[in-house]
Amino acid sequence: FPAVRLCSGAGQDVGRSCVLVSIAGKNVMLDCGMHMGYNDDRRFPDFSYITQNGRLTDFLDCVIISHFHLDHCGALPYFSEMVGYDGPIYMTHPTKAICPILLEDYRKITVDKKGETNFFTSQMIKDCMKKVVAVHLHQTVQVDEELEIKAYYAGHVLGAAMFQIKVGCESVVYTGDYNMTPDRHLGAAWIEKCRPDLLITESTYATTIRDSKRCRERDFLKKVHETVERGGKVLIPVFALGRAQELCILLETFWERMNLKAPIYFSTGLTEKANHYYKLFITWTNQKIRKTFVQRNMFEFKHIKAFDRAFADNPGPMVVFATPGMLHAGQSLQIFRKWAGNEKNMVIMPGYCVQGTVGHKILSGQRKLEMEGRQILEVKMQVEYMSFSAHADAKGIMQLIRQAEPRNVLLVHGEAKKMEFLKQKIEQEFHVSCFMPANGETTTILTNPCIPVDISLGLLKRETAIGPLPDAKKPKLMHGTLLMKDNSFRLVSPEQALKELGLAEHQLRFTCRVHIQDPRKEHETVLRVYNHLKGILKDYSVQHLPDGSITVESILIQATAHSEDQGTKVLLVSWTYQDEELGSYLTSLLKKGLPQSTP
Amino acid sequence: QQQHEDLSTKKLRLTKPSKSAALHVDLCKATSPADALQYLLQFARKPVEVESVEGVVRILLEHYYKENDASVRLKIASLLGLLSKTAGFSPDCIMDDAINTLQNEKSHQVLAQLLDTLLVIGTKLPENPSVRMRLVEVACKHLTDSSHGVRNKCLQLIGCLGPVEKGVAKEAESQAAKDVQKIIGDHFNDQDPRVRTAAIKAMLQLHERGLKLQQTIYSQACKLLADDYEQVRSAAVQLIWVLSQLYPESIVPIPSSNEEIRLVDDAFGKICHMVSDGSWVVRVQAAKLLGSMQQVSSHFLEQTLDKKLMSDLRRKRTAHERAKELYSSGEFSSGRKWGDDAPKEEIDTGAVNLIESGACGAFVHGLEDEMYEVRIAAVEALCMLAQSSPSFAEKCLDFLVDMFNDEIEEVRLQSIHTMRKISNNITLREDQLDTVLAVLEDSSRDIREALHELLCCTNVSTKEGIHLALVELLKNLTKYPTDRESIWKCLKFLGSRHPTLVLPLVPELLSTHPFFDTPEPDMDDPAYIAVLVLIFNAAKSCPTMPALFSDHTFRHYAYLRDSLSHLVPPLRLPGRKLVSSAVSPSITPHEDPSQQFLHQSLERVYNFQHLDPRGIQELLEFTIRDLQRLGELQSELAGMADFTATYLQCQLLLIKALQEKLWNVAAPLYLKQNALASAAAKQILEETYKMEFMYSGVESRQVVIIHHMRLQAKALQLIVTARTTRGVEPLFGMCEKFLQEVDSFQRCFISELPHMQGSFVDKLLDLMPRLVTSKPSEVVKILQTTLRQSTFLHLPLPEQLHRATANIIEPTGESDNPLRFTSGLVVALDVDATLEHVQDPQGTVKVQVLYPDGQAQLIHPKPADFRNPGPGRHRLITQVYLSHTAWTEPCQIEVRLLLAYNSNRSKASTRIPKSSWSESLEALPPSENGIEGTIPFSKPVKVYIMPKPARR
């Protein structure tokens with residue numbers, strides 16, 4: 001049975017994704033995330049939970065990372081280098097490429113800016129990455145002899161994957177984060193009908209059904225277009241990876257289509273590197289980009305140029321993507337301060353903003369902001385909110401469950417209250433059991449493991465030849481002897497079993513007496529019985545032997561007169577063990593008596 | 001041994017060097033299976049004559065029985081199939097043998113191939129039910145084979161050959177009388193997905209062949225929808241669709257409840273469900289089929305666009321609903337506020353159904369799909385459903401408008417076309433119009449033109465909408481000046497559709513002022529013309545509007561009415577005399593005056609019998625001139641007028657030619673005048689080809705007249721030749737040919753002959769017995785008199801007649817910059833042209849390039865270069881490759897479009913089917929009698945080019 005243990009985080013909570021799966025004796029860790037909200041020990045999962053004594057490498061068979069977001073891979077260097085893990089780490093190629101950039105960025109912010117000590121170093125990130133094995137989509141990777149994993153496309157971000165973990169015939173699918181609706185740069189998640197024993201799915205939007213993306217996109221483009229036509233400037237604060245690329249593609253194609261001339265800028269640094277990877281991993285993007293990249297790689301932006309600080313003061317319309325996304329610091333805040341005073345300008349917040357940030361304040365309608373140095377900033381520019389999120393909504397989650405047809409579902413990465421609703425829905429509509437364990441809780445799921453048994457070809461052919469055509473969809477009954485020898489199971493014919501075990505064959509024979517009221521002579525009774533049986537058992541060979549007995553296949557029937565009552569005839573029915581079925585049928589048939597014969 | 005073989009070859013050579021013999025020898029010589037296979041492969045490349053097919057088959061069969069290697073037997077089996085496909089060969093003689101081969105075959109692959117061969121044989125013998133029965137019986141026997149390939153073929157065979165009518169089944173009793181449907185249906189649960197697919201396909205095949213499928217398989221088919229394999233699901237979707245069309249009104253129970261619904265609704269729900277299938281092939285299939293399920297009840301139909309939104313378990317309105325609300329509350333274009341889309345009421349958790357089994361949101365999903373193939377299919381389906389249901393059209397509008405911003409151009413284009421098709425049923429809201437108009441800035445010309453086309457036939461609800469449309473169109477005009485024509489046309493329709501909405505805008509648009517005179521706008525400004533086109537077309541049905549015009553507007557009207565008559569309608573303006581206003585009181589309101597004029601003038605012409613020759617000629621000349629002018633003025637009558645004018649022109653030429661004096665004098669003296677008559681004959685021939693092939697809508701009644709005219713021209717030609725040539729020898733051939741043509745004319749148009757009393761051909765046919773026996777000189781004499789005495793045939797006009805026209809937009813021919821390229825290499829010239837009323841442009845339209853040295857080049861554009869933006873209109877966007885040797889200075893070449901025709905195109909529709917199995921047969925000889933030619937139908941455009949000598 002696979003047991004799922006949730007290492008701290010990711011249970012009924014978002015952030016710090018880390019799931020431990022024990023399946024048929026194998027232990028696999030899924031994701032190794034950190035929590036953005038904490039700055040102390042709580043930011044990383046509690047790895048002592050995995051095993052109290054003994055090294056992690058001995059306990060874990062492998063680690064799988066689903067995608068490069070820090071809440072799924074942020075604790076990886078800590079885990080592998082500081083706690084100590086030397087086993088294989090699996091991720092997709094794009095994740096392997098982008099993950100170290102983000103980790104390095106994260107390290108810089110924590111160590112260099114906040115001055116924390118006791119944090120992983122650049123060298124640790126490098127060392128950690130050396131342990132990573134990259135996998136392709138739909139490639140079955142044999143971790144060891146029994147454990148195999150396979151990656152499926154998950155949408156969400158570049159390189160995000162869902163993983164199927166399989167040992168023998170037991171399997172678990174872990175989705176990581178995924179998106180069932182395609183966007184401008186990525187396709188939709190897809191999984192085959194693999195019928196896993198357990199599906200571990202994220203449930204960020206467990207209680208939301210989203211509107212079509214098109215309206216949002218159209219609104220966004222219209223807003224930008226109108227502002228630019230008016231001669232205003234548009235500021236779009238984004239995080240460097242993920243949504244930023246989607247919006248870039250969106251604007252780029254729009255500019256192309258509409259023949260617009262206003263410049264679009266992208267703040268430099270991290271983004272440029274990331275764009276480079278987007279260019280490389282074209283196969284991971286959506287249909288349109290994949291199909292057109294022969295003519296032109298969509299990520300080689302024609303209209304989007306690198307931003308320079310001095311450009312912010314240029315006259316005329318422009319669009320600027322700047323980091324970070326919540327307007328709490330850095331370039332986006334600088335530009336915001338410059339442009340806030342002009343009502344022609346516009347700021348578009350493409351995502352959620354944490355409370356306390358400038359982004360959150362302006363979104364909630366605050367028009368006067370107090371900046372550093374008691375300076376008051378009056379916001380005259382238009383403030384717009386557009387949500388572009390790449391998680392599956394409730395419908396999407398249900399759709400994935402329908403595609404994969406799991407026997408059990410386990411919800412992680414979401415809020416308890418919302419999960420409750422989804423859980424109820426899943427149980428109601430798919431009739432599968434659904435779990436939502438809390439952090440640190442262990443869930444045990446019973447499976448029906450199938451046990452493979454070897455069968456000799458001769459026996460198989462002989463058995464399938466009997467009866468109607470084989471039908472793979474239906475189980476078929478076979479007769480044979482099960483031999484359990486040297487930890488292996490074999491199904492062999494009885495003769496062979498006897499031979500192998502050196503046993504002699506015993507014959508088992510059943511005999512049964514049936515009394516029939518029939519005043520006639522013995523041979524007449526026999527004839528009647530014979531005719532009766534012949535009439536009923538058309539498909540069997542019924543013979544009347546010269547010695548006065550009847551055979552049905554190999555079953556023998558003899559009739560004698562009762563010693564006391566001549567009117568009662570005794571039918572002796574005798575069959576071997578192998579013919580048990582037919583034999584008992586015959587007796588029950590004869591017990592019903594003969595039909596009243598018409599002379 | 002060696003000797004013996006030599007002997008046998010010799011012997012065969014003596015009799016006949018036949019294919020079969022050679023093959024036999026080859027096969028005998030083959031030492032190994034690989035060798036034999038090689039021989040067979042070589043043999044397959046050569047064609048086999050019909051006579052020797054049977055012999056070849058016998059030899060192949062002989063070797064088949066001897067052969068031990070399965071691959072060789074396989075090849076032989078496949079050859080048998082190919083051979084029995086040979087045209088003209090009836091394979092019933094080899095059927096028994098083919099069936100016999102099945103008996104002892106062990107290899108599954110060979111078995112499958114043999115069944116395939118039987119299938120070919122069976123399809124070749126459609127009129128032989130007993131043969132078919134036998135084959136089906138054979139197939140049924142092999143259905144229990146353990147190989148999927150064999151079962152597959154069996155099912156295919158049953159599907160293609162199984163009895164369709166019940167009666168036939170009774171005739172041949174035994175097992176084959178078993179219901180084929182049941183046999184096939186049993187294999188719906190086969191263990192192999194390929195066999196399951198084949199079973200469904202066979203069922204569909206039976207349906208196509210006309211067997212009514214039983215409703216009982218519906219539930220079976222529904223189960224197959226959940227199959228693991230996509231081919232099976234895809235085929236099952238089709239089967240369900242077929243059943244839903246067959247039994248739309250039957251009632252089926254809903255499982256897990258005791259309600260019942262119509263079958264078509266149930267099937268619709270199920271197919272909708274497949275729109276979110278895991279495989280895109282199935283999704284495309286499902287989305288496509290949805291479009292043709294028009295009997296579905298509106299309740300289900302409207303669900304497809306419904307997707308209940310929620311956020312944190314609270315009901316949320318879609319952006320569409322919000323937009324509608326904003327619009328109806330009258331405060332359009334409010335900026336988006338934070339939390340504007342905040343969720344409203346709480347939802348009862350129990351009532352939310354996340355995966356509906358019904359049709360819910362199928363189109364919402366389909367239109368958002370990852371693959372553009374699915375999206376296109378969904379748009380098409382929306383279109384078809386909306387055309388049949390106005391209320392659905394209204395509802396799907398929002399979604400279609402959204403598709404205007406799809407990332408793939410094809411999808412955008414498709415949705416614009418779709419919208420155009422359903423535009424009769426809808427009125428655009430202002431916010432929707434806004435989104436539609438935003439697309440006008442698209443850089444793709446196709447998209448913009450499609451959008452103009454759409455705007456031509458949309459209904460706009462408010463005057464702001466009209467204003468908005470005009471502003472956006474003018475913006476488009478400044479950005480893409482080449483769209484001029486298309487925009488004007490668009491505004492013409494916009495104006496004439498919404499006169500009352502334009503009226504209040506007029507002062508603003510013309511920038512008139514009640515007290516002050518405003519400066520006169522520039523007459524050549526395309527934007528100003530665009531505004532005027534809108535206003536004048538609106539004014540046509542709004543008599544109060546001209547009062548708002550200022551003086552110069554009237555002047556501009558007169559100018560535009562003349563220069564752009566197809567865009568500016570005739571108006572009744574105060575204080576101006578107009579042709580139409582003078583005539584209008586007398587005519588009946590429903591009859592167009594110009595149409596009447598056309599008929600009147602034709603009437604006059606047809607009654608000219610009593611006039612003297614001079615008068616006839618004059619009358620014809622006048623009428624032709626009138627008609628030509630009429631065609632220029634009235635675009636809708638242009639085809640009709642031109643057509644008749646051409647016909648009259650032909651008649652005029654004929655009359656003129658016959659009145660030449662030369663006929664009275666001895667031939668050799670009048671060579672010069674002969675030139676005129678023969679030129680006339682030639683021109684008439686050309687004109688008749690134009691009449692036949694350049695107009696769309698020509699019916700057989702007209703074709704007869706045209707052919708008749710052509711016959712007359714040929715007669716004229718014959719007479720002229722007879723008068724000018726010495727000696728009788730060449731005349732024999734010509735006469736014979738002419739008589740043949742008369743004969744074929746009679747054969748082709750036998751049904752029309754009664755209508756041609758007193759005509760040339762009528763008289764000719766009366767004289768036919770005499771003609772056949774007489775000498776050429778006699779014939780000529782008879783022809784001459786008949787030609788003179790024959791009456792002029794009345795040309796009936798069809799309902800709709802349009803002349804094929806082409807207009808080359810690009811190259812414009814105005815550039816002074818020569819196109820330079822190195823001689824010997826090629827340069828690509830972009831050609832962009834609009835074609836109107838051309839049938840089958842892919843086959844007929846050619847581009848001709850004429851070089852200054854008289855060299856002409858004919859280019860066949862690719863079929864993909866033609867687009868079809870609207871009914872009867874085509875757009876050719878192609879590249880022409882030019883090349884020439886070096887010139888010393890730049891020179892102009894001419895580019896024009898030609899319409900290719902083939903005189904027996906209309907008749908010779910039954911082409912000899914190409915035999916597919918050998919390449920050498922494909923080069924068919926060109927059809928004998930067809931006269932192929934081309935008609936130039938566009939103005940030539942000059943392009944300046946300069947091939948430079950290559951530098952060394």
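User: How many helices and strands does chain B have, and what makes a stretch count as one or the other?

Analyst: Chain B has 41 helices and 16 strands. The elements are DSSP runs, numbered from the N terminus: a helix is a run of H or I of at least four residues, and a strand is a run of E of at least two. The model is predicted, so local features need pLDDT of at least 70 and side-chain atom pairs count only at pLDDT 80 or more, whereas totals for chains, interfaces and linings use all residues. Residues are numbered from 1 along each chain as its sequence is written, chains are lettered from A and ligands numbered from 1 in the order in which they are written, and side-chain values use heavy atoms, with hydrogens and water left out.

User: Which domains does chain B have, and where do their bounds come from?

Analyst: The bounds come from an automatic or database domain assignment. That assignment gives domain 1 (19–164 + 177–256), domain 2 (257–304 + 357–425), domain 3 (428–572), domain 4 (601–789) and domain 5 (804–906 + 930–948). The centres of domain 2 and domain 4 of chain B, taken over C-alpha atoms, are separated by 57 Å.

User: Why is B:Asp116 called partly exposed?

Analyst: Buried means under 20% relative accessible area and exposed means over 50%, with partly exposed in between (1.4 Å probe, protein chains only). B:Asp116 has 22% relative accessibility, so it counts as partly exposed. The residue is in helix H7 (residues 108–124) of chain B. Its C-alpha is 7.1 Å from that of B:Gly81, 35 residues away in sequence.

User: What makes B:Ile376 buried or exposed, and which residues does it touch?

Analyst: B:Ile376 has 13% relative accessibility and therefore counts as buried. It belongs to helix H20 (residues 372–388) of chain B. Contact means heavy atoms within 4.5 Å. Apart from neighbours within four places in sequence, B:Ile376 is in contact with B:Glu410, B:Val411 and B:Gln414. Across chain B as a whole, 51% of the 952 residues count as buried. Of the contacts in chain B between residues at least 6 apart in sequence, 74% join residues at least 24 apart.

User: How do you know what span helix H40 of chain B should have?

Analyst: The expected span is 1.5 Å times one less than the number of residues. Helix H40 (residues 776–789) of chain B has 14 residues, so it should span 20 Å, and its end C-alpha atoms are 20 Å apart, which agrees. Its buried residues include B:Val779, B:Ile782, B:Leu783 and B:Leu787. The buried residues of H40(B) pack against several helices of chain B, among them helix H34 (638–658), helix H36 (700–724) and helix H37 (729–748).

User: How many disulfides are there, and why is A:Cys62 in no such bond?

Analyst: A disulfide is a covalent bond between the sulfur atoms of two cysteines. Here the criterion is a pair of cysteine sulfur atoms within 2.5 Å. A:Cys32 is in no disulfide, the nearest cysteine sulfur being that of A:Cys18, 5.3 Å away. For A:Cys62 the closest cysteine sulfur, in A:Cys18, is 13 Å away, too far for a bond. A:Cys32 is buried because its relative accessibility is 0%, and A:Cys62 is buried at 0%.

User: What makes E26 and E27 of chain A edge strands?

Analyst: Two strands pair if DSSP finds at least two bridges between them. The open sheet has five strands in the order E26-E30-E29-E28-E27 (chain A), with antiparallel pairing. Strand E26 (509–517) and strand E27 (542–544) of chain A each have a single partner strand, so one side of each is left without a neighbour in the sheet. The twist averages 20° from one strand to the next. Within the sheet, strand E29 (residues 555–561) of chain A is joined to strand E30 (residues 568–576) of chain A by six bridges. One of the bridge pairs is A:Ile557 with A:Val573 in E30(A).

User: Which helices lie across these strands, and what do their angles refer to?

Analyst: Axes are lines fitted to C-alpha atoms, for helices over the stretch in contact, and angles run from 0 to 180 degrees between N-to-C directions. Helix H16 (residues 522–536) of chain A runs at about 160° to E27(A). Helix H17 (residues 580–591) of chain A runs at about 170° to E30(A).
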